[in-house]
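Dear colleague,

Please read the notes with the structure open beside them.

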Amino acid sequence: MSVGVLGVGHYVPTNVVTNKDLEKTVDTSDEWIRTRTGIEERRIASDDIDSSDMAFYAAEKALYDANVKAEEIDLILVATVTPDTPFPSVACMLQDRLGATKAAAMDVSAACSGFMYGMITAKQFIDTGVYKHVLVVGTEKLSKITDWSDRNTCVLFGDGAGAAVLGEVSKNKGILSFELGADGSGAKHLYQDDNDFLFMNGREVFKFAVRQMPESSVKVIEQAGLKNEDVDYLIPHQANIRIMEAARERLGISEDKMATSIKRYGNNSSASIPIALSEAVKNGKIKDNDVVVLVGFGGGLTWGAVALRWGK
Ligand code: ACO
């Protein structure tokens, strides 16, 4: 059997914070942020919206898009580094709110690679025939672990959520190949510190990502028996446009074939790939039978990639 995406959805808060806005609070400039990161603005959730709320809004849309009822979901996997509380999980909160009464639920902790880890975990349960429908969500309220006085990090992140319903699709469609990986020796480069703020050694993470994203992309393309030129759309984790460009250039694909939601949303950690995927489907950038590569990296350090043929 083949496992693929039956429907997608996303949610971003309405409140826009531009680079110019940040110029007023930290020693930075619109020009620095644009040229070093590719970010122009980001969305920041209000106090009364948490990760589980955004997960709910995105999940409702994905279920509608998939034409699957909440009661038909067998498992909910929520990737997040910013859960409402350490426990219960956001997945359990979501299960209740959706009325997904049949579903098991748990959170996945793999930082920005969390959605990729969730997707591949979902695939295993569906492949074995144990479950029919799995809801995978990436949701982040990064603004609550951001030190708004630290220019090194506060310009980079934004809030939002993206979701996908996975299930059986026709033969030759769906997930063709995947890679997941971890290197815990790099944990020191990206973590939540004693003050609960996100700490990042930008240069080290940059070096790692610029190597890992192209490598993982090429690996899944080869595993799927495809060539780089077969890729119709590339969705890299939206962390820095320069890292994303390295992956795009390595694959030799044109600019219009890569998602760049980073411009409008910044880095949404585990939510960045499903938000970009949902937008690309809605905007018609991804069409039936297209070969799509999703590739992410993040704290842990972790990484993950998927090559899939779009459609049911
Ligand atoms: N505005 C102005 N200057 C700044 C800012 C800012 N917002 N931030 C840093 N600078 C300064 C630094 O202080 C430094 O000054 P110095 O030379 O006087 O010390 C100078 O700019 C250059 O710093 P670099 O670190 O060399 O800048 P670089 O070009 O590497 O860009 C960046 C920094 C954007 C953080 C980059 O390293 C990066 O994107 N790294 C990867 C980050 C990433 O991928 N994170 C993803 C994981 S996190 C997650 O997804 C949850």
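Among the 25 residues around the ligand, those that come nearest are Thr28, Arg36, Cys112, Asn240 and Asn267, where a residue is near a molecule if one of its heavy atoms lies within 4 Å of it. This is a predicted model, in which local features need pLDDT of at least 70 and side-chain atom pairs count only at pLDDT 80 or more, while totals for chains, interfaces and linings use all residues. Residues are numbered from 1 along each chain as its sequence is written, and side-chain values use heavy atoms, with hydrogens and water left out.

By class, this shell has 12 nonpolar, 8 polar and 5 charged residues (Ala, Val, Leu, Ile, Met, Phe, Trp, Tyr, Cys and Pro count as nonpolar, Asp, Glu, Lys and Arg as charged, and the others, Gly among them, as polar). Domain 1 (2-169) and domain 2 (174-309), with bounds from an automatic or database domain assignment, both give residues to the shell, so the ligand lies between them.

As for polar contacts (pairs of N or O atoms within 3.5 Å), a side-chain N or O atom of Thr28 is 2.6 Å from a nitrogen atom of the ligand, and a polar backbone atom of Gly202 is 3.0 Å from a ligand nitrogen atom. For Trp32, a polar side-chain atom lies 3.5 Å from a nitrogen atom of the ligand. Taken alone, the ligand exposes 1,000 Å², of which the protein buries 77% (accessible areas by the Shrake-Rupley method with a 1.4 Å probe).

Best regards

Note on methods: Polar contact = N/O pair within 3.5 Å; in protein donor to acceptor, adjacent residues only side chain to side chain.
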